[in-house]
Amino acid sequence: MIAISRFITAARTSWIVLLAGIAATVALVVIAGYQSADSAPPVGLPDSAESIRAATLQEQFRDDDSTSGILVFGRESGELSADDIAAISERAAELGDIALDGVVPPPTVSEDGTTALVAVPLEIEESVSVQAERAEQIRTIAADGLPDGIEVWFTGAEGFLVDISAVFEGANFVLLGVTALVVAVLLIVTYRSPILWIVPLAVVGIADFIAGIAARLVADAAGITLDGSVTGILSVLVFGAGTNYALLLIARYRDELRLHQDRREAMAVALRGAGPAIIASGSTVALALATLLFGELSGNRSLGLAGAVGIVVAMAYALLVLPAALVLFGRWLFWPLVPRYGTPDTVSRSPWGRLGRAVSKRPVIVAIAGFAVLGAFASGLTTLNVGLSQNDRFIVKPEAVLGQERLAEAFSAGSTAPASVIVPVDDVAEVSEGLAKVDGVVEVRPGPADEDIAQLDVVLDADPESQEAFAIISDLRLALDDLGDGSGLVGGIDAEGLDLRDAQQRDQNLVIPLILVLVLAVLIVLLRSLLAPVLLLLAVVASFFSAVGIGSILFETVFGFPGVDTNVLLFSFLFLVALGVDYSIFLVTRAKEEVPRLGTSEGMVRALAATGGVITSAGILLAAVFAVLGVLPLITLTQVGVIVCIGVLIDTLLVRTVIVPAMAFIARDRFWWPRRPELSDAEAAARGANGQAERMPDAVAGDAPPTEREAVAAG
């Protein structure tokens, strides 16, 4: 590490590191190029899922490569007149140029005469941009020449797909712009310098750009598709983690500038001090994200792969490019608060150190109170409702949702997305009769068929992808076991949604334990201890439950969300545990560095004093970055952003500041069990002379031996 740090910071070689980083960046851009995601979020289910098996059998029919868009026509009030119906029929006929096979069925009018429905058969299209252009054409033709007062909405499978994709249209630029603005403001506030913030922001911005390219290359090699939602979250991860690493390194660099006249030597020492913590932190986050690769859903795997690549890129730029860039400038980069050589130690006067000493006086009471607060926050879990219908996933209702709601008022709620039941041809009559008796089934009508199998379209009395629809689909599958030869399969949008929910639950049950085991293993290796890692993991998991509890209350009372989407808990747990444990790593690794000189209690106080400011700044910045996800009108991302934002603040301001130090003060040297902390000769002599002060109650109360107080004052 010494040789590497000197190579990165030395006058003759720092230019080489910086130029090599620039050359690698340019080469990657030239070779790979940059492409924005132009694919909608995939279904992501494995081939073994029943809805996927049903869809595979549907490929035997003539319209295997088709989808449909639903046009809904209606007046704000009153029935549609004969002239209105004639005009709508003309619009349907004109849509033949766009429709599959050039034919669009005539409109279907509701029994109350208020709403007309036109189903437009369409060829399946993978490109988001092409889908959007086609949807705009359909909307234009459908609305052109209609009588005054008639409204038209584009919904159905294609309508929802287009609207979901529109959420991520330009998402990278929106997220990147807002995130960069938030990071810039917080860096200026943190450093109180009009100049310094530019360097880390530029480095992290380039890292984000390269992370997107690298993630796409790795994903292409692995046969994984990255959609707009994944690339958007990737930018948030890279900016959040990369800026955290930059804050930690620059804070240590500032401290070392006070102790070293040569800025390059100061950076070398800072890199050796902060580097292991950054590597441990980045490795923990990257490996935790990589656990998603064991999941069933391709969306989870793509996020895990892209996120892991992005964190590695952010870590590399923070450890290689950022130090080389910073040492090119003099101390004036910190203007107006320039750290001067030989100035007094500010760490010993840190308010965080005073807080740590106050905690050390009553650590048991503080720890109990801290966990009681976390428990109170977690009580909101009793109101948690998991699951959102298709109509409930948007903060601002798009056209597809408005059209679906109009259909639900005039037709059966599930009329635009019937379940597709695939059965042997000989069983059609028996199955049709049996399924019609299932509660929640409005109609069973025949669909396409061939010599072997037939499709039955089952209309449900429930909103698409709602909990009611899932319950009906489950009942249909149970009923099919006793109808015909029992081989019937249920597919369609609702069946896919049910299979997605179940697969997400299986992924959650698998990945969450993997994350816990992985993070625990990394902490054990890093700290060479068993007790400390268990305590740290316990604290960060408690902060997760607290964040979800508060989030659940906010979603219900403030945001008015009907529930939490199925993948929110897994993603929130992943980000909170992996990123939240970072701050404990920063604190405890610094304490481990101070323990040989000061002992466990005073070492923790010193570590808290040294890292308190930078970790608080990093936590607030990371919380703000995740809150940026709320700029997108998709409830899922807003919920992830809110929970992670709350959790990071809890972990930064309560867990790392109060609870973790309290547990260390209670455990004392046992905190490092089974390893005993290695003490310097001076500390060992001081302990012997003071009756092993580290284990005496007065030492815990803050009455440290004179040698310890002198060491803290001397820095």
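Which strands does α4 lie across, and at about what angle does α4 run to β3? The close-ups below, all taken from a predicted model, start with that question.

**View 1. Helix α4 lies across β1, β2, β3 and β4.** The direction of α4 is at about 5° to that of β3. Another helix joins the picture here: α14 (residues 399-410) packs on the sheet and touches β1, β3 and β4. Its direction makes about 110° with that of β4.

**View 2. The open sheet has 4 strands in the order β2-β3-β1-β4.** Pairing in this sheet is antiparallel. β2 (108-109) and β4 are the edge strands, each with a single partner, so one side of each has no neighbour in the sheet. Zoom in on β2 and β3 and you will find an antiparallel pair held over 2 bridges. There, Val109 has Ala116 of β3 as its bridge partner.

**View 3. Helix α4 (residues 82-94) has a buried side and an exposed one.** With 13 residues, α4 reaches 19 Å from its first C-alpha to its last, close to the 18 Å expected at 1.5 Å a residue. Look for Asp84, Ala87, Ile88, Arg91 and Ala92, which are buried. These residues are on the same side of α4 because they cover an arc of only 145° around the axis. An α-helix has 3.6 residues a turn, so residues three or four places apart point the same way. On the other side of α4, Ala82, Asp83 and Ala93 are exposed. And what covers the buried residues? Among the elements that do are β1 (66-75), β3 (115-123), α5 (128-143) and β4 (150-155).

**View 4. A hairpin joins β6 to β7.** Strand β6 spans residues 441-449 and strand β7 residues 453-460, and the two pair in the antiparallel sense over 6 bridges. The hairpin connects them through 3 residues. To find your way along the pair, pick out Val441, whose bridge partner in β7 is Leu460.

**View 5. Asn244 is a buried residue in helix α9.** The helix itself covers residues 228-259. Is Asn244 buried or exposed? Its relative accessibility is 3%, which is why Asn244 counts as buried. The side chain of Asn244 makes a polar contact with the side chain of Tyr583, at 2.8 Å. Leaving aside neighbours within four places in sequence, Asn244 is in contact with Tyr583, Ala618 and Leu622.

Key. Residues numbered from 1 in each chain as written. Predicted model: local features only at pLDDT ≥ 70, side-chain atom pairs only at ≥ 80, totals over all residues. Heavy atoms only, no water. Buried < 20%, exposed > 50% of the residue type's maximum accessible area, 1.4 Å probe, protein only. Polar contact = N/O pair within 3.5 Å; in protein donor to acceptor, adjacent residues only side chain to side chain. Contact = heavy atoms within 4.5 Å. Pairing = 2+ DSSP bridges. Expected span 1.5 Å × (residues − 1). Arc of directions from axis to C-beta. Axes fitted to C-alpha atoms, helices over the stretch in contact; angles between N-to-C directions.
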